[in-house]
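Let's take a walk through this structure together, starting where two chains meet. Have a look at it first, and then read on.

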Amino acid sequence: MGELSNKEQVIESVDKEDIITDEIRQLIGKDLVKPATLTIEKGMVRRFVQATGDSNPLWQDEDYAKRTKYGSTIVPPTFLTFTAFWPEEIQYRLAKLDAPLKRIMAGGVEYEYFKEVKPGDMVTATAVLSDAYVRQGKEGKLLFITVEITYVNQKGEVAVRERNTVIRY
Amino acid sequence: MEKEKVFYEDVKINDKIPSLIKQPTTRQLVKWAGVSGDYYEIHYDKDIAQKSGLPGVVVHGKLVVSFLAQMITDWIGEDGDLKVISCGYRGLLYPGEDAICNGKIAKKYVEDGKHYAECEIWVENSKNQSVIKGKAIVVLPSKYER
């Protein structure tokens with residue numbers, strides 16, 4: 001077994017679907033972390049819109065919101081975000097995945113909205129690794145990992161679904 | 001703030017959504033880290049950002065998505081419903097750069113009695129470099145609803 005065969009072995013493992021390791025394959029559909037619950041408070045929403053600079057009265061002005069179909073203020077579209085429920089756990093869990101492509105970057109996010117969320121709601125979030133696939137990039141293979149977070153309110157209704165894509169390259 | 005309602009019947013394919021320009025500062029990035037819980041150092045620690053190969057701290061992708069979401073909710077007002085926002089990160093944005101948010105109507109259809117408009121949305125910096133490309137799906141009120 002010379003140097004050449006070692007190189008061949010390395011190229012082989014990157015070319016094939018070994019990029020999606022057994023560890024990743026077995027995680028698909030499974031919870032990545034324990035569910036987390038947050039009670040939404042007006043103060044959180046106030047600080048959130050101060051951060052984004054969004055002065056839409058629907059998020060903050062009760063007198064205004066009272067006259068809308070919602071009846072009271074609702075949270076803005078990106079208010080529910082997985083890092084607000086798990087500040088570090090998901091990143092650590094993903095970083096621990098031993099896969100050949102070591103560098104990591106955020107790929108994107110998708111939100112689907114089903115029910116409005118309001119201050120006073122108690123939201124429970126669960127996170128699963130929902131998908132993993134390989135694509136050919138300009139400079140090599142890319143491993144896309146999607147984490148799907150489901151936000152359920154106190155009535156047991158799915159309020160929001162968030163899909164975060166992380167890319168290892 | 002009396003705004004005209006956006007009705008399904010009034011939007012046409014290729015109509016532009018009113019543009020929104022945001023100018024994120026490093027202070028805003030710190031505020032966003034605080035409210036979002038995303039404390040990744042490349043967004044506020046210049047040394048770590050540079051050690052990761054970046055020229056400086058970068059704006060959180062999700063903060064830029066928040067700007068796009070604001071563009072949509074500003075446009076549809078209280079009578080419209082945002083159903084989906086989907087964004088792919090295409091390039092980095094740095095504090096001090098403009099986040100120029102744009103969108104246009106790509107499709108419209110009625111399904112299950114609801115009036116949908118699908119929009120192509122995107123963010124560029126002032127050098128016309130792509131930061132985010134994505135889509136949004138909204139439900140709009142119809143002029144003919146009771």
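Two strands pair if DSSP finds at least two bridges between them; strands (E, at least two residues) and helices (H or I, at least four) are DSSP runs, numbered from the N terminus. This is a predicted model, in which local features need pLDDT of at least 70, side-chain atom pairs count only at pLDDT 80 or more, and totals for chains, interfaces and linings use all residues. Residues are numbered from 1 along each chain as its sequence is written, while chains are lettered from A in the order in which they are written.

Start with strand β2 of chain A (residues 104–113), which runs antiparallel to β2(B) and is joined to β2(B) by five bridges. Here Glu112(A) has Val84(B) as its bridge partner.

Now widen the view to the whole contact (C-beta atoms, placed from the backbone, within 7 Å). Chain B brings 28 residues and chain A brings 26 residues. On chain B's side, α1 (26–36), α3 (61–76) and β2 (81–89) each supply at least two residues.

Next, follow α1(B). Leu29(B), Trp32(B), Ala33(B), Val35(B) and Ser36(B) are buried there, meaning that 20 or more other C-beta atoms lie within 10 Å of a residue's own. Their cover includes α3 (42–52) and α6 (82–85) of chain A, together with α3 of chain B. After α1(B) comes Gly37(B), with a positive phi near 85°.

Finally, Ile72(B) touches Leu82(B), Ile85(B), Ala136(B) and Val138(B), leaving aside residues up to four places away in sequence.

Conventions:
Contact = placed C-beta atoms within 7 Å. Buried ≥ 20, exposed ≤ 12 C-beta atoms within 10 Å, placed from the backbone.
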